[in-house]
Amino acid sequence: MSSDPAYRYGLYYAPEQSDPLWQAGCEWLGRSPLTGDLEPGQLSKAEEERVKLTASARRYGFHATIKAPIALAGSVEDFLADVAALAATVKPFTLPRLRVSEEDGFTALRPTVLNDTLLSAGTTCVRMLDRHRRPESPERVAARGRHCTERQKSLLERWGYPYVCEEWRFHMTLADDILPPPFRSEVETLFAPALAMDRRLTSLCVFQEQSPGAPFTMLARFPLVVQP
């Protein structure tokens, strides 16, 4: 592992590389966190608009956040060792089917039903890895909590992020806004085959942001293996 740690690390769900869902997500965003930017070629005006709509989602890469990106209080090696140990305690489980959703002012894939197993796994990951989080400044915490509910502010103070525990909503962002009809239709068509499939959550992924504002890349994938 490099002695020069990245700026931030996040714990994410990302489909396996062979999964049509991963392939559709990377194609839609125009970027793979594994292989780097895809070559866009010469863009039409419509494609330029799509690039603008997906700018933030493209930078973060196709994923669902489990523990939001953190600056580390200790070493990268210790953090990855704890992620590996955590993965060895989480039993693989079936994900709910996903759908294209436009809730909360942005477009994402969200579960068709609430799932207690998913919520429990997410909460466990947040709690078990929090010792690695370097606290942010009070000013940044206050700014982040400006539009939060009182409960979300409490979670932000405790866990460094307001959308955890019962406030966590599994989602895979496709656009930073509501998509206009032509793009919405394109998304529905592109993702339809993948969304019709059943899939299991069988691994946890660590993504890294090498420097502030840099594109996130996948650093490691840890299979879920329950020890006997």
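How many residues line the largest pocket, and which of them lie nearest its centre?

Analyst: Keep in mind that this is a predicted model. The lining of the largest pocket is made of 43 residues. Nearest the centre of this pocket lie Thr 65, Ala 68, Pro 69, Tyr 161 and Tyr 163. The volume of the largest pocket is about 1,100 Å³.

Now look at the elements behind this lining. Two strands that each supply at least two residues are β1 (8-13) and β8 (172-175). The helices α3 (55-60), α6 (138-144) and α7 (150-159) also give at least two residues each. So does β4 (64-70).

Sorted by class, the lining of the largest pocket holds 22 nonpolar residues, 13 charged ones and eight polar ones.

For context, turn to the second largest pocket. Its volume is about 410 Å³, and 16 residues line it. Here Pro 111, Leu 114, Trp 168, Arg 169 and Phe 170 lie nearest the centre. Strand β7 (107-111) and helix α5 (116-128) each supply at least two lining residues. Of the elements, α5 gives the most, with three residues. By class, the lining of the second largest pocket has seven nonpolar, seven charged and two polar residues.

Back to the part you asked about.

How values were computed: Residues numbered from 1 in each chain as written. Predicted model: local features only at pLDDT ≥ 70, side-chain atom pairs only at ≥ 80, totals over all residues. Heavy atoms only, no water. 1 Å grid on protein atoms, 1.4 Å probe; cavity = no way out; pocket = protein on both sides within 12 Å on 5 of 7 lines; lining within 4 Å. Points joined across faces, edges and corners; volume = space filled by probe spheres on them. Helix = DSSP H or I, 4+ residues; strand = E, 2+ residues; numbered from the N terminus. Nonpolar A, V, L, I, M, F, W, Y, C, P; charged D, E, K, R; others polar.
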